[in-house]
Amino acid sequence: MQIINITDKKQLNDFAGDREHAQFLQSWQWGEFQKEVSGIIWRIGVVEDGGQLVASAKLVKKQLPMGRSYFYCGRGPIINFQFSIFNFQLNQEEKNKKQKEILNFLFGEIEKIAKQEGTMFLRFEPKFKIQNSKFKIIQTIDVQPSKTLLLDLTKSEEELLKNMRPKTRYNIRLAEKKGVKIVEAGANRFEEFWQLLTFTGDRDEFNLHGRSYYQAMLKLDGDFIKLWFAEYQCKPLAGNLVVFFGDTATYIHGGSSNESRELMAPYALQWHNIKLAKQLGYKYYDFHGVDEVKWPGVTRFKMGFGGQVINYPGTFDLVYDAGWYNIYKMVRKVRRTF
């Protein structure tokens with residue numbers, strides 16, 4: 001095996017996108033976005049002797065106080081679990097052994113980069129359980145939600161509606177009856193979207209990223225990320241950002257007005273996005289995070305659309321500098337108490 005820098009957009013997206021429930025956070029486009037908002041990224045891969053790409057990881061260098069930093073690998077690394085040797089499929093035990101071998105090799109190569117960059121640890125979010133790694137790995141506070149809600153878009157529209165809660169179906173039909181219209185927008189309507197985000201952040205006590213973060217997102221390829229508004233009499237009442245990657249459309253950010261809430265615009269907007277993703281041939285619609293404790297209202301809203309709750313293993317730190325890492329943990333704990 002050897003490590004490579006992935007410089008070809010198609011190579012990375014073909015690999016990362018060809019996964020069940022593909023993760024946009026490891027896509028080429030999201031790397032371009034992270035370059036603008038964070039500055040430094042690495043796209044690395046592991047190839048076998050025959051040149052086959054078997055693993056990839058997009059690393060983002062995150063700065064901390066006192067000149068320290070860490071690497072973040074959102075919803076990664078990605079490993080190809082369809083291993084084969086001379087066209088013979090491996091059994092489960094052999095697959096586990098191969099996974100461990102590839103992952104340890106990848107972690108070792110990332111450690112070399114970390115030492116060159118002076119980073120304290122790697123923070124990563126695998127879709128699979130880490131088994132018997134030779135590295136020191138510690139579970140930590142989630143960055144991306146550890147639970148999400150997934151709709152199976154291979155079902156018919158009638159089945160999708162049937163699987164919703166009755167109140168959700170009622171609200172969708174109410175919004176349509178009252179004349180709520182869905183329109184696709186772009187970066188030229190950012191200020192309206194930002195206003196909806198701030199309304200929602202204040203109302204539901206969400207922490208938002210800065211304005212420039214969302215502005216950078218809207219500069220991405222229009223086939224990768226789209227913005228829609230639910231409008232009434234040409235006034236936006238709700239707005240959603242949805243990412244399209246691999247087999248999955250993911251609702252990543254949204255906001256709604258404090259006005260005309262009786263028109264149920266967010267329900268019509270989600271249903272429009274779900275139907276569109278289905279029509280475009282996507283297999284899944286991902287609501288990107290549910291948590292009954294942290295976000296009870298938003299979670300109730302999302303769960304009304306039916307679907308299956310998916311549990312991820314969580315967020316983990318692979319520590320390179322134990323001394324500085326312990327200081328970082330203490331400071332982080334103190335900050336979270338205020």
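1. Across the whole structure, which is a predicted model, a search finds 22 aromatic pairs. In one of them, the rings of Phe121 and Tyr325 have centres 5.2 Å apart and planes at 80°, so this pair counts as edge-to-face. Phe121 belongs to strand E8 (residues 121–124) and Tyr325 to helix H10 (residues 322–336), so the pair ties together parts that are 204 residues apart in sequence. Both Phe121 and Tyr325 are buried.

2. Another edge-to-face pair is formed by Phe301 and Phe305, with 5.4 Å from centre to centre and 80° between the planes. Phe301 is buried, and Phe305 is buried as well.

3. A reader tracing the aromatic residues may also look at a cluster, in which ring pairs link Phe24, Trp30, Phe33, Phe190, Trp194, Tyr213 and Tyr214.

4. Two arginines are placed over aromatic faces: Arg43 lies over the face of Trp28, at 3.5 Å from the ring centre, while Arg123 lies over the face of Tyr70, at 5.1 Å from the ring centre.

5. Turning to helix H1, which spans residues 9–17, the buried residues there are Leu12, Asn13, Phe15, Ala16 and Gly17. The elements that cover these buried residues include helix H2 (28–38) and the strands E2 (41–47), E3 (53–63), E5 (78–79) and E13 (235–245). The N-terminal end of H1 is capped by Asp8, which has a side-chain oxygen 2.9 Å from the backbone nitrogen of Lys10.

Methods
Residues numbered from 1 in each chain as written. Predicted model: local features only at pLDDT ≥ 70, side-chain atom pairs only at ≥ 80, totals over all residues. Heavy atoms only, no water. Buried < 20%, exposed > 50% of the residue type's maximum accessible area, 1.4 Å probe, protein only. Helix = DSSP H or I, 4+ residues; strand = E, 2+ residues; numbered from the N terminus. Contact = heavy atoms within 4.5 Å. Polar contact = N/O pair within 3.5 Å; in protein donor to acceptor, adjacent residues only side chain to side chain. Phe/Tyr/Trp six-rings, centres within 6.5 Å; stacked < 30°, edge-to-face > 60°. Lys NZ or Arg CZ within 6 Å of the ring centre and 35° of its normal.
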